[in-house]
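User: I am new to this structure and would like to learn how to read it. Could you please guide me through its features one by one?

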Amino acid sequence: MTLDHVTPRLGQSAYDRRDNLVLACKRCNTAKADKPFLAYVLGQRARAENLLRYGQHLSEGILSILRPMVGPDWVPAAPPAHRPPRKKQRFGPTERDGESPYLDTDSPYRKSA
């Protein structure tokens with residue numbers, strides 16, 4: 001992840017305010033370069049689709065610019081199906097394996113059977 005300037009900085013430190021910075025992957029940040037936000041978005045329909053899909057927090061003005069780009073028949077894709085949680089990995093033997101080198105030692109922290 002990188003920090004991208006929504007309004008290009010072009011050597012001006014006044015644009016280094018946090019309300020002008022957003023997270024962007026390196027590929028998108030490089031593609032946007034010093035283009036203004038709308039010039040970048042208007043360059044590809046897929047960008048407008050992604051902003052409509054994930055950018056419900058954006059201003060209504062931006063969303064109203066994006067809607068005509070994707071067309072009236074566009075419907076956001078369904079969210080991905082829920083994946084079951086992954087099994088936790090075990091590292092090394094446990095007492096249940098019967099292979100622990102600590103099973104035979106008397107430890108004050110082990111419960112007596």
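The dialogue below goes from the overall fold to single residues.

Analyst: Please keep in mind that this is a predicted model. We shall begin with the chain as a whole.

User: Which helices and strands does the protein chain have, and in what pattern do they follow along the sequence?

Analyst: The protein chain has four helices and two strands. Along the sequence they are arranged as β-β-α-α-α-α.

User: Which residues make up the largest nonpolar core?

Analyst: This core has eight residues: Tyr40, Val41, Ala48, Leu52, Leu63, Leu66, Val70 and Trp74. Two or more residues come from each of α2 (37-42), α3 (45-54) and α4 (60-70). The largest share, three residues, is given by α4.

User: How should I read the buried residues of a helix such as α3?

Analyst: The general idea is that an α-helix has 3.6 residues a turn, so residues three or four places apart point the same way. In α3, the residues Ala48, Glu49 and Leu52 are buried. They lie on the same side of α3, because they cover an arc of only 100° around the axis. The buried residues of this helix pack against α2 and α4.

User: Why is Glu49 counted as buried?

Analyst: Here the cut-off does the work, since buried means under 20% relative accessible area. Glu49 has a relative accessible area of 18%, and therefore it is buried. Glu49 belongs to helix α3. Apart from neighbours within four places in sequence, Glu49 contacts Val70 and Trp74.

User: Which residues does Trp74 touch?

Analyst: With residues up to four places away in sequence left out, Trp74 touches Arg45, Glu49, Leu52 and Arg53. Trp74 is also one of the residues of the largest nonpolar core.

User: Is Leu3 buried or exposed?

Analyst: The cut-off for exposed is over 50% relative accessible area. Leu3 is exposed, because its relative accessible area is 54%. Leu3 is placed in strand β1 (residues 2-5). Together with Met1 and Leu23, Leu3 forms a nonpolar patch on the surface, and the three have about 400 Å² of accessible area together.

Technical notes
Residues are numbered from 1 along each chain as its sequence is written. This is a predicted model: local features need pLDDT of at least 70, side-chain atom pairs count only at pLDDT 80 or more; totals for chains, interfaces and linings use all residues. Side-chain values use heavy atoms; hydrogens and water are left out. A nonpolar core is a set of buried Ala, Val, Leu, Ile, Met, Phe, Trp, Tyr and Cys residues joined through side-chain atoms within 4.5 Å. Buried means under 20% relative accessible area, exposed over 50%, partly exposed in between (1.4 Å probe, protein chains only). Contact means heavy atoms within 4.5 Å. Patches are made of residues with over 30% relative accessible area and no salt bridge: like charges are joined within 9 Å, nonpolar side chains (Val, Leu, Ile, Met, Phe, Trp, Tyr) within 5 Å. Accessible areas come from the Shrake-Rupley method with a 1.4 Å probe; for residues, only the protein chains shown count as cover. A salt bridge is a side-chain nitrogen of Lys or Arg within 4 Å of a carboxyl oxygen of Asp or Glu. The arc is that of the directions from the helix axis to the C-beta atoms.
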